[in-house]
Amino acid sequence: MRKSLLALLTLSLALLSLLITPTIAGVIIPPSSPIPINQISSSTDSNLLGYVFEFANNGQVQPASYASISVPIPSSIPYYYNPNEYWYDNMYAFWVALSPYTIGNGASTTFLQAGVDLLENQSAKYVLLFVYLVVNNNAHPLVSYQYPYSQFAGTTMNIYLYLSNGNIVAQFSDGSFSYTYNTGISFTPYSALVMGEAPGYYQSGVNKSILLYPIPNETFSGISFNIIGSPATAVGYETIKYATNYPIANNYISSNYAWAFAWLSSNPSFSANAYTSSSSAQISGTLQLSYTETPLILVYIV
């Protein structure tokens, strides 16, 4: 978000642990009339795959007040030894976001996101739930909570972002677990993002082995999403692609380790339907993200 949005951040440290009774059950009554879904543009990113969606009424972009993503968490994830033990070396994230900007005008670089990380290191595996404000590609953490992987293994994590009393609220739920967090941030969303993300952190001056979840040639096809906005005549979307088929985020490795992961394809895919009524518009669908195991070369990062 641009500097003007930062003025909205009156969030105190006390709010970082705020627990609110959940208000979203994930049940949305779909509007009635089908509307088209049109691709507007495509862009590349070093470590993201996914989509930005927006509603338009006769060419005028309309607010999008609600977005959710449901992520099946595998019963187990493989163990990969990483000698450097850096926390985010073995991580994959799924997230949903709302942006005050439209496609092509900052939506893919400025947004409020909520998501789930699947993490591991030599000692344990974890699930991390997080909420971040991203402003011009600079991430500002608002809240994150780490849980043992076993607590959510085999479940589906439902993640919601929605406007409530002028503020954007994030909610996490898997049926037996629920956590709601009021960000204290207020803006009118004009687009929503659904994304898969691989690590983008670089440590200078060392050779590193980056070995990433998920397992070789893994395809995540059970991710679903739902976005609600003002009445519309069409939905537009932008495809965010991984930049090339080279290893994710310029991964680099020591001479003792010869494999990491790359995107299986630079094109994610989705299947969706969009509807509108006199009171709201909705797009619902599923997202697919794919990986493959790929050899790496020794690189020294300076």
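What follows is a conversation about how the descriptions of this predicted model are reached.

Modeller: This is a predicted model, in which local features need pLDDT of at least 70, side-chain atom pairs count only at pLDDT 80 or more, and totals for chains, interfaces and linings use all residues. Residues are numbered from 1 along each chain as its sequence is written, and side-chain values use heavy atoms, with hydrogens and water left out.

Colleague: What is the mean pLDDT of the protein, and which elements have the lowest and the highest values?

Modeller: The pLDDT is the predictor's confidence in each residue, from 0 to 100, and its mean over the protein is 75, with 63% of the residues reaching 70 or more. Where pLDDT is low, the predicted coordinates should not be read in detail.

Colleague: Why is Gln 113 called buried?

Modeller: A residue counts as buried under 20% relative accessible area, as exposed over 50% and as partly exposed in between, with a 1.4 Å probe and protein chains only. Gln 113 has a relative accessible area of 6%, so Gln 113 is buried. Gln 113 lies in strand 7 (residues 111-120), and, not counting residues up to four places away in sequence, Gln 113 touches several residues, including Trp 95, Phe 130, Val 131 and Leu 161. In the protein, buried residues make up 51% of the 302 residues.

Colleague: How many residues does the largest nonpolar core have, and what makes a set of residues a core?

Modeller: A nonpolar core is a set of buried Ala, Val, Leu, Ile, Met, Phe, Trp, Tyr and Cys residues joined through side-chain atoms within 4.5 Å. The largest such set has 53 residues, and those with the most contacts inside it are Phe 53, Val 116, Val 131, Phe 172, Ile 227 and Ile 283. Strand 8 (residues 125-135) gives the largest share of this core, 5 residues. A second, separate core of 13 residues includes Val 52, Ala 93, Leu 193 and Ile 240.

Colleague: How do you know that strand 8 and strand 9 are paired, and in which sense do they run?

Modeller: Two strands pair if DSSP finds at least two bridges between them, and 10 bridges join strand 8 to strand 9 (residues 138-148), which run antiparallel. Val 131 stands opposite Val 143 in strand 9. The two strands form a hairpin with 2 residues between them, where Asn 136 in the turn has a positive phi of about 50 degrees.

Colleague: Why is the pair of Tyr 66 and Tyr 160 called tilted?

Modeller: Rings of Phe, Tyr and Trp (its six-membered ring) pair if their centres lie within 6.5 Å; planes under 30 degrees apart count as stacked, over 60 as edge-to-face and the rest as tilted. The centres of these two rings are 6.4 Å apart and their planes stand at 40 degrees, so the pair is tilted. Tyr 66 belongs to strand 5 (residues 64-72) and Tyr 160 to strand 10 (residues 156-164), 94 residues apart, and both are buried.

Colleague: What makes the pair of Trp 95 and Phe 111 stacked?

Modeller: Trp 95 and Phe 111 have 25 degrees between their planes and 5.0 Å from centre to centre, which puts the pair in the stacked class. Trp 95 lies in strand 6 (residues 90-99) and Phe 111 in strand 7, so the pair ties together parts that are 16 residues apart in sequence.

Colleague: Why is strand 11 said to be largely enclosed?

Modeller: In strand 11 (residues 167-173), 6 of the 7 residues are buried, so this strand is largely enclosed by the rest of the structure. Strand 11 is joined to strand 10 by 7 bridges, in the antiparallel sense, and Tyr 162 has Val 169 as its bridge partner. Strand 11 also pairs with strand 12 (residues 178-182) over 5 bridges, again antiparallel.

Terms used. Helices (H or I, at least four residues) and strands (E, at least two) are DSSP runs, numbered from the N terminus. Contact means heavy atoms within 4.5 Å.
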